[in-house]
Amino acid sequence: MTDISQVEGLEPLQPNHASLAFGVPESEPGTLYALSVSGGVRFRPKEERVVLFGRNRPDVHVCVGGDDRRVSRSHGRLARRGDHWWLANTGHLPLQLPGARMLFPEDEAYPLDTGYTPVFISGTARRRHLVELYVAGVDGRLPAPAPAASTLKDKPWKLDADERLALVCLAQRYLLHDAYPQPVSWKQVAAELAELRPRSGWRPKKAEHLVAGVRRRLSAAGVPGLTREEVGEPVGNMLNHNLVTELLRTRTLVPPDLFVLDSA
């Protein structure tokens with residue numbers, strides 16, 4: 001049984017503590033914050049320090065999913081090694097990290113970046129249990145209020161007319177808000193666009209080459225997940241799925257763009 005109040009350098013966080021997504025107070029660089037709806041801890045950095053989270057409140061520092069038996073009694077371990085806090089899965093179900101990454105019990109420990117990292121555990125009846133993690137950087141303070149400042153917005157990516165037409169057709173299921181969308185096939189893209197523009201020479205390879213050019217351009221600009229080397233084999237629809245997701249996130253494509261398929 002662990003008495004967390006006796007661990008040197010560890011301070012408890014109350015259940016009503018503000019979300020770590022808003023930042024943390026000014027802290028020693030490397031300080032770890034871990035928080036669930038049950039409360040959490042703050043731990044200053046020191047080699048081999050460890051924070052545990054899971055369902056069994058007496059034996060972990062952060063209790064998560066205390067009433068959900070799909071959450072393991074000890075589901076995750078955070079250990080300080082070198083200049084990083086390392087997250088390991090010690091439970092049964094995977095830990096869900098940002099960017100659709102899954103951390104399985106068999107995986108090597110994952111190094112946390114400075115800043116905010118939400119970690120989810122899927123429970124019973126579609127419950128999703130959240131453990132918020134935050135590693136303080138050089139400046140870990142809360143952002144200053146800025147009520148009059150302009151909203152930060154991602155700029156839409158530039159597409160020419162043919163690229164936009166092909167991508168709207170490729171992404172139509174996303175724009176229609178299908179429950180589990182996938183990019184349509186090159187054959188379908190070519191068939192629909194050939195019907196809309198019979199004289200434009202639309203073929204599956206033409207559509208594929210146009211979209212591949214957009215992927216290369218965005219990848220060169222720093223967008224992740226758009227190359228085979230990044231996603232690994234089998235690729236399937238993943239490259240185009242990641243491309244469409246980026247175009248939707250930046251509002252390069254929006255639902256009203258579907259009208260182009262009626263008026264092309």
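Reader: Which residues lie nearest the centre of the second largest pocket, and how many residues line that pocket?

Author: In this predicted model, the second largest pocket is lined by 13 residues, and A212, R215, L226, R228 and L239 are the ones that lie nearest its centre. About 280 Å³ of space lies in this pocket.

Reader: What makes a residue part of that lining, and which helix supplies the largest share?

Author: A lining residue has an atom within 4 Å of a point of the pocket. The largest share, four residues, comes from α4, and α4 (204-220) and α6 each supply at least two residues. By type, the lining divides into five nonpolar, four polar and four charged residues.

Reader: How much space lies in the largest pocket, and which helix gives the largest share of its lining?

Author: About 430 Å³ of space lies in the largest pocket, and helix α6 (residues 238-249) gives the largest share of its lining, six residues. The lining holds 13 residues, with G99, A100, P224, G225 and N242 nearest the centre, and it divides into five nonpolar, five polar and three charged.

Reader: Why is α3 called roughly perpendicular to α4?

Author: The axes of helix α3 (residues 186-196) and α4 come within 8 Å and cross at roughly 110°. Angles of 65 to 115 degrees count as roughly perpendicular, and therefore α3 is described as roughly perpendicular to α4.

Reader: Which residues of α3 and α4 meet?

Author: W186, K187, V189 and A190 in α3 meet P204, A207, E208 and V211 in α4, and the residues of this contact divide into six nonpolar, no polar and two charged.

Conventions. Residues numbered from 1 in each chain as written. Predicted model: local features only at pLDDT ≥ 70, side-chain atom pairs only at ≥ 80, totals over all residues. Heavy atoms only, no water. 1 Å grid on protein atoms, 1.4 Å probe; cavity = no way out; pocket = protein on both sides within 12 Å on 5 of 7 lines; lining within 4 Å. Points joined across faces, edges and corners; volume = space filled by probe spheres on them. Nonpolar A, V, L, I, M, F, W, Y, C, P; charged D, E, K, R; others polar. Axes fitted to C-alpha atoms, helices over the stretch in contact; angles between N-to-C directions. Parallel < 35°, antiparallel > 145°, perpendicular 65-115°, else oblique. Contact = heavy atoms within 4.5 Å.
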